[in-house]
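Welcome, and please open your viewer so that we can walk through this model together. Keep the selection tool handy, as we will go from whole chains down to single side chains.

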2 protein chains.
Amino acid sequence: MRDIATRYKENPLLSPKDLNASDESMIIECLLNPGVFKFKGKTWLLVRVAERTLQKEDVLSVPIYNEDGKVKILNFDPKDSKLDASDSRVINYDGVDYLTTISHLRLLCSDDGINFYENDEYPSLFGEGEYESYGIEDCRVSQIEDTYYLTYTMVSSNGVGVGLRITKDWKKFEKKGMIFSPHNKDCAIFEEKIDDKYYALHRPSSPELGGNYIWLAESFDGVHWGNHKCIAKTRKGKFDSKRLGAGAAPIKTDKGWLEIYHGATEKHRYCLGAILLDLEDPSIVIARSEEPIMEPQEAFELTGFFGEVIFTNGHLVKGDQIQMYYGAADEFVGLATFSIKQILKTLGQ
Amino acid sequence: MRDIATRYKENPLLSPKDLNASDESMIIECLLNPGVFKFKGKTWLLVRVAERTLQKEDVLSVPIYNEDGKVKILNFDPKDSKLDASDSRVINYDGVDYLTTISHLRLLCSDDGINFYENDEYPSLFGEGEYESYGIEDCRVSQIEDTYYLTYTMVSSNGVGVGLRITKDWKKFEKKGMIFSPHNKDCAIFEEKIDDKYYALHRPSSPELGGNYIWLAESFDGVHWGNHKCIAKTRKGKFDSKRLGAGAAPIKTDKGWLEIYHGATEKHRYCLGAILLDLEDPSIVIARSEEPIMEPQEAFELTGFFGEVIFTNGHLVKGDQIQMYYGAADEFVGLATFSIKQILKTLGQ
């Protein structure tokens with residue numbers, strides 16, 4: 001069965017070879033999951049770039065970020081008995097985990113939404129400080145009036161949580177620290193307050209009871225959050241049987257807040273679904289996809305750094321059309337469009 | 001080596017046989033981890049009472065709480081192929097976990113801090129609503145002026161999070177919902193604001209990077225929380241090598257905020273340690289116990305529902321003396337005292 005996404009015919013839009021590494025000691029391994037926004041009349045992507053360290057003989061090197069957001073290389077002796085390098089993604093030295101790749105957020109802009117280029121005036125964002133020493137990932141960009149709220153995954157040996165930076169000009173950023181404590185990711189702030197409160201979707205993980213579910217939280221200032229409620233759980237036998245998480249900020253429609261989310265199976269196949277939330281009380285779920293609205297089917301979606309993955313955390317809305325950017329196979333950036341009406345129809349609306 | 005706690009000579013203070021079950025269909029399995037506070041000149045315990053359902057032949061019964069805080073019994077056919085009852089604590093039916101025991105919080109009062117009795121005027125607290133359907137556990141009671149903040153573990157199929165109820169009279173409670181999303185527990189709110197902000201210790205768990213560490217959060221209203229910072233991690237080879245979590249609210253001393261916490265090993269041996277936090281910025285750790293200040297050694301601490309466990313989430317302070325109530329072996333309530341000066345001395349202060 002074909003899904004209801006219309007893919008851009010020249011996908012993928014971006015591949016690792018299209019960008020330069022952030023530093024001469026690094027190699028780009030993957031492009032992933034761009035945040036998307038409009039600024040100064042242009043379309044901007046905030047692409048997650050995952051890099052690894054150039055390896056030298058007889059040394060195992062992993063990158064971390066220091067306090068100033070600069071890469072620091074840690075070198076280990078592969079023969080050291082305190083080193084466990086059996087997993088290609090995570091090594092352990094003397095009880096402490098380190099990631100073999102590190103992600104930063106690369107800012108790219110475009111006049112047509114298709115051809116993206118770097119702009120020296122607007123630098124990339126890197127991990128800064130002890131909660132981001134292993135990188136920053138998968139940023140959602142929510143615009144409320146003239147202010148952009150960047151919610152992203154902070155990664156460090158402390159755990160994986162949600163960070164917030166705020167900007168108006170994409171040059172100066174106000175750092176608001178960790179807004180959701182570990183283990184948490186996939187956070188998107190609604191682009192409008194409801195009854196004077198900010199709302200956000202987020203994805204805590206539970207190692208015991210519960211699972212990898214989508215939750216909703218409320219805030220009076222966008223920085224301090226409470227009244228957590230679970231709005232969507234995994235469903236046995238469906239495309240979202242193992243984990244699910246919000247995409248970008250929900251889209252306001254006449255029928256409710258429309259959220260495009262990712263769901264994954266036990267075999268790590270990532271598809272997209274939709275969920276419709278009540279306009280006045282978004283903790284009320286009106287409808288949810290029984291089948292994916294988009295699933296991996298093109299070659300670059302099926303095969304790559306991590307195959308059979310479609311993941312989105314950014315889109316623009318133009319009338320009935322959602323112009324959605326997405327990560328494919330954890331390696332490429334693609335573009336697809338949806339009709340809002342058509343998605344709502346699949347939800348029985 | 002003896003620890004530095006002075007135990008009450010007639011410990012344990014309370015055993016399961018001392019209380020009646022909440023309902024004729026239930027049996028008390030354990031008493032655990034009391035919150036402690038002063039109210040109307042008396043000493044009060046808010047004891048966690050874990051109960052299981054009386055089992056009938058050919059039926060497996062588990063208890064849950066309904067919306068009104070009343071016990072509802074779910075019955076399963078032990079021969080049903082959808083049922084997995086291989087774990088005595090958690091059963092699974094058709095993909096959903098249920099606990100075999102359920103906890104409520106029993107309010108007991110005392111004139112001397114030793115002999116506790118129930119008072120019909122002040123009823124027990126039960127789980128209410130979908131986030132507490134599997135019970136409420138391990139409540140910390142923090143008093144700020146004339147208001148009591150009850151932070152407790154909410155348990156349901158949604159996961160394990162921290163709930164907040166507020167009261168002034170122990171009759172009417174204002175429910176503030178879940179303040180820390182799963183997986184989170186061991187939350188204690190400081191009993192004084194610092195620079196006009198509330199602070200709380202909490203214990204998120206991370207299934208990937210990170211672990212079971214103590215974190216600090218800030219709030220302007222006690223309900224919405226942010227700026228999460230990790231203040232204490234597990235330490236390889238020590239008494240807190242596998243997990244740790246805050247006890248009751250920290251005690252204000254000249255040297256800093258003194259927090260008594262529990263640390264556990266891989267073998268689930270629970271001891272108590274102390275940590276000293278900066279008075280003005282409690283995210284700064286001044287000192288931390290190298291050795292436990294209290295460890296299981298008495299018979300009722302070593303053997304019980306779950307042996308070798310000392311766990312505290314409640315105390316009163318009288319001058320230099322901490323009068324600490326604690327859960328022993330997940331079955332009994334004990335009393336011990338500490339000298340604040342002596343604890344500070346073990347911390348090099």
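Through which surface do the copies, chain A and chain B, meet? Bear in mind as you look that this is a predicted model. Colour the two chains separately and select the interface residues of chain A: 100% of them are also interface residues in chain B, so the copies meet through the same surface.

**Salt bridges**

Now switch to side chains. Those of opposite charge can pair when their charged atoms come close. How many salt bridges does a search of the whole structure find? Over all chains, there are 50. Let us visit a few.

**Stop one: B:K42 and B:D111.** Select both and show their side chains. They meet in a salt bridge, with 2.8 Å from N to O. B:K42 sits in strand β3 (residues 42-53) of chain B, while B:D111 belongs to the loop between β9 (101-110) and β10 (117-118), so this pair ties together parts that are 69 residues apart in sequence.

**Stop two: B:R269 and B:E308.** Here is another salt bridge, at 3.1 Å from N to O. Both partners lie in loops: B:R269 between β21 (256-264) and β22 (270-277) of chain B, and B:E308 between α1 (299-302) and β24 (310-318). The two residues are 39 residues apart, and the pair links distant parts of the chain. Are they buried or partly exposed? B:E308 is partly exposed, with 34% relative accessibility, and B:R269 is partly exposed as well, with 24%.

**Stop three: B:K17 and B:D18.** Zoom in on this pair, and you will find a salt bridge whose closest N and O atoms are 3.3 Å apart. B:K17 is exposed, with a relative accessible area of 70%, whereas B:D18 is partly exposed at 38%.

**Last stop: over to chain A.** Which residues are linked with A:R7 in a network of salt bridges? Select A:D3 and A:E301 along with A:R7, and you have the three members of that network on screen.

Note on methods. Residues numbered from 1 in each chain as written. Chains lettered and ligands numbered in written order. Predicted model: local features only at pLDDT ≥ 70, side-chain atom pairs only at ≥ 80, totals over all residues. Heavy atoms only, no water. Contact = heavy atoms within 4.5 Å. Salt bridge = Lys/Arg side-chain N within 4 Å of Asp/Glu carboxyl O. Buried < 20%, exposed > 50% of the residue type's maximum accessible area, 1.4 Å probe, protein only. Helix = DSSP H or I, 4+ residues; strand = E, 2+ residues; numbered from the N terminus.
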